[in-house]
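Let's walk through this fold together, from the overall architecture down to a few individual residues. Keep the sequence and the 3D view side by side as you read.

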Amino acid sequence: MDFSVQTAQQRQAPIANLPTELIIAIFAQCAAAEPLAALTTRSVCRRWMHITNASPILWRRVMLDNTKLPISCLHEQAALYLEKSQPFSLDVEVRTHDPDRVLSILSPLLSSVSRWRTFATSGFRTEHLNMLDLPLSSEVVDPIPSDRLALTIYEYDFDELDEEGNENDEESASSKRFPTFTQDGLMQLRVTALPYSAQLVPLHFTHLTITEGLLQASHTNAAAILDMLCACPALRVFIFEGWQHDDEPLNYDSPLPLVSLPHLEILHIRTTCITRRLLSRLCTPRLDTLILAYLNVEFRVRSAEYSGDVGDSDDEARDFSQSPWSDHATGMGLRSLISRSRPPLRVLEMDYSDMRTKDFQWVFDRLPELEEFRIVASDMSNKVVGLLKPTFRGEEEAGSSMSIMKLRLPKLRKLHLDHCQRLSGDAVIAALLPRAAFTDSTPDNHMYGKLSEVVITACDQVDGRHEGILTRALGRRFKS
């Protein structure tokens, strides 16, 4: 009985006598034809498992097929292949019929783009990239990091995608016009909706741009953007360029997430009505530059109307504004951001973006590190520029009188006022000349900044006489 079993085993397993090198060569041929072959060979017997696990060349082709496996399984597969293929380069392929899933599928591999040899997509479109031709590869002379991601909200024509994604076709026209990876190292994707953070391995990108396609039927919302940001803890730069549509839900089923971006230095929000919701849910303790552009709208922004927050009451100054509702939303969003983060903000730019007078005062009182303030096309009144003037108040102490000086934005060095039509030249002079006199004369250069550049352009109420006075006081520091 024992003799017959032994004879049968010898007849059934002649490959057991092959040298390891030859088995690896056979397995490599299998892996070239079938990307998942390594998963099969490692499950046959103990010897094959050891050989497969110890042979990185068998794991270098990564086929992530979402038509057969869910994203969670693809993440496990990607992590396994990434580990086992070291130190070889990778051939990465994604197969899916849904362009919104590409980022989620690839997320476990994106921090290792420098190891990619080729990249291909199929299903929703056909694309083939030789990654060695791009500066992202570690094999080029001067590699650059793959740290920038751009997502465009785009309304796909899925009938067109099905035609372009035919596996028998050559590379689709859209992949040539809009490659996933560009020559300058950018990763760019067009999606109909932002991916859920729950389906993403935390992303390594330091620069993220989200853009809503102009007049596209598909828009994003504050909840989706904030959820996406939850998966980007390493961000240093975030840019959102939307479109002015107020179809944001008035309420969500669950509270919007509070997103901590501990490394964010530059925040740029442009052309949107969800400014308040975004700024109110961000924690950015290292924010250096804030750019708000084209946020003014003349219609009521109902999704930005809260109740109960400090500062939500009407502006006591009652100054004129062409965009009162967006002014309110921008001011309250900025209040929330500053209150929560206390950022060392150094640059504030407001281009066709405004606030109420009370918001300007609140913000100026809480930005002691601000060095540059630029504002374009603002309805800001004389009261706002008057906030930049040094103020003194008397204080009685121990029977002696002493004067306490207050200077808002004490480190301000550069001031740009452009197309501020309600601002009078007299008010500008009344604020800036005493300020310049004080900061130029104070020996405390650590606490106070001297004005190094004052630019006033296209402000109708600032005429030649005012410009002459400013030129005599500031010299070459003044430009018009």
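Buried means under 20% relative accessible area, exposed means over 50%, and partly exposed covers what lies in between (1.4 Å probe, protein chains only). This is a predicted model, in which local features need pLDDT of at least 70 and side-chain atom pairs count only at pLDDT 80 or more, while totals for chains, interfaces and linings use all residues. Residues are numbered from 1 along each chain as its sequence is written, and side-chain values use heavy atoms, with hydrogens and water left out.

**Overall picture**

Of the 480 residues in the protein chain, 49% count as buried. The chain holds 15 helices and 19 strands; helices (H or I, at least four residues) and strands (E, at least two) are DSSP runs numbered from the N terminus. Contact means heavy atoms within 4.5 Å. Among contacts between residues at least 6 apart in sequence, 76% join residues at least 24 apart.

**Sheets and strands**

Two strands are said to pair if DSSP finds at least two bridges between them. An open sheet is formed by 11 strands in the order β6-β5-β7-β8-β10-β12-β13-β14-β17-β18-β19, with parallel pairing. At its edges stand β6 (186-191) and β19 (478-479), each with a single partner strand, so one side of each has no neighbour in the sheet. Within this order, β14 (residues 372-376) and β17 (residues 414-418) run parallel and are joined by 5 bridges. Val376 has Asp418 in β17 as its bridge partner.

Another parallel pairing, over 5 bridges, links β1 and β2 (residues 90-96). Here Leu64 finds its bridge partner in Val94 of β2. Strand β1 (residues 61-65) is largely enclosed by the rest of the structure, because 4 of its 5 residues are buried. Together with helix α5 (residues 71-84), β1 and β2 make a right-handed β-α-β unit. A crossover is right-handed if, with the strands pointing away from the viewer, the path from the first strand over the helix to the second runs clockwise.

**Cores**

A nonpolar core is a set of buried Ala, Val, Leu, Ile, Met, Phe, Trp, Tyr and Cys residues joined through side-chain atoms within 4.5 Å. The largest one has 109 residues, and Trp116 and Met228 have the most contacts inside it. Beyond its neighbours within four places in sequence, Met228 is in contact with several residues, including Leu103, Leu149, Leu194, Pro195 and Ile210. A second, separate core has 5 residues, among them Cys273, Val297, Ala304 and Ala329.

Phe299 is found in the loop between β12 and α11. Its C-alpha is 7.1 Å from that of Trp325, although the two residues are 26 apart in sequence.

**Aromatic rings and cysteines**

Rings of Phe, Tyr and Trp (its six-membered ring) pair if their centres lie within 6.5 Å; planes under 30 degrees apart count as stacked, over 60 as edge-to-face and the rest as tilted. The structure holds 9 such pairs. Tyr294 and Tyr352 are stacked, because their ring centres are 5.1 Å apart and their planes are at 5 degrees. This pair links parts of the chain 58 residues apart, with Tyr294 in the loop between β12 (289-293) and α11 (324-341) and Tyr352 in the loop between β13 (347-351) and α12 (357-364). Elsewhere, ring pairs link Trp116, Phe119 and Phe181 into a cluster.

A disulfide is a pair of cysteine sulfur atoms within 2.5 Å, and the count by this rule is 0. For Cys459, the closest cysteine sulfur is in Cys420 at 4.7 Å, too far for a bond.

Several residues discussed here can be set side by side by accessibility:

| Residue | Relative accessible area | Class |
|---|---|---|
| Tyr294 | 33% | partly exposed |
| Tyr352 | 38% | partly exposed |
| Phe299 | 33% | partly exposed |
| Cys459 | 6% | buried |

**Backbone details**

Most residues other than glycine have a negative phi, and most peptide bonds are trans. Leu409, not a glycine, has a positive phi of about 50 degrees, and Leu409 is buried, with a relative accessible area of 0%. A cis peptide bond joins Gln86 and Pro87, with omega about 5 degrees. Pro87 has its place in the loop between α5 and β2.
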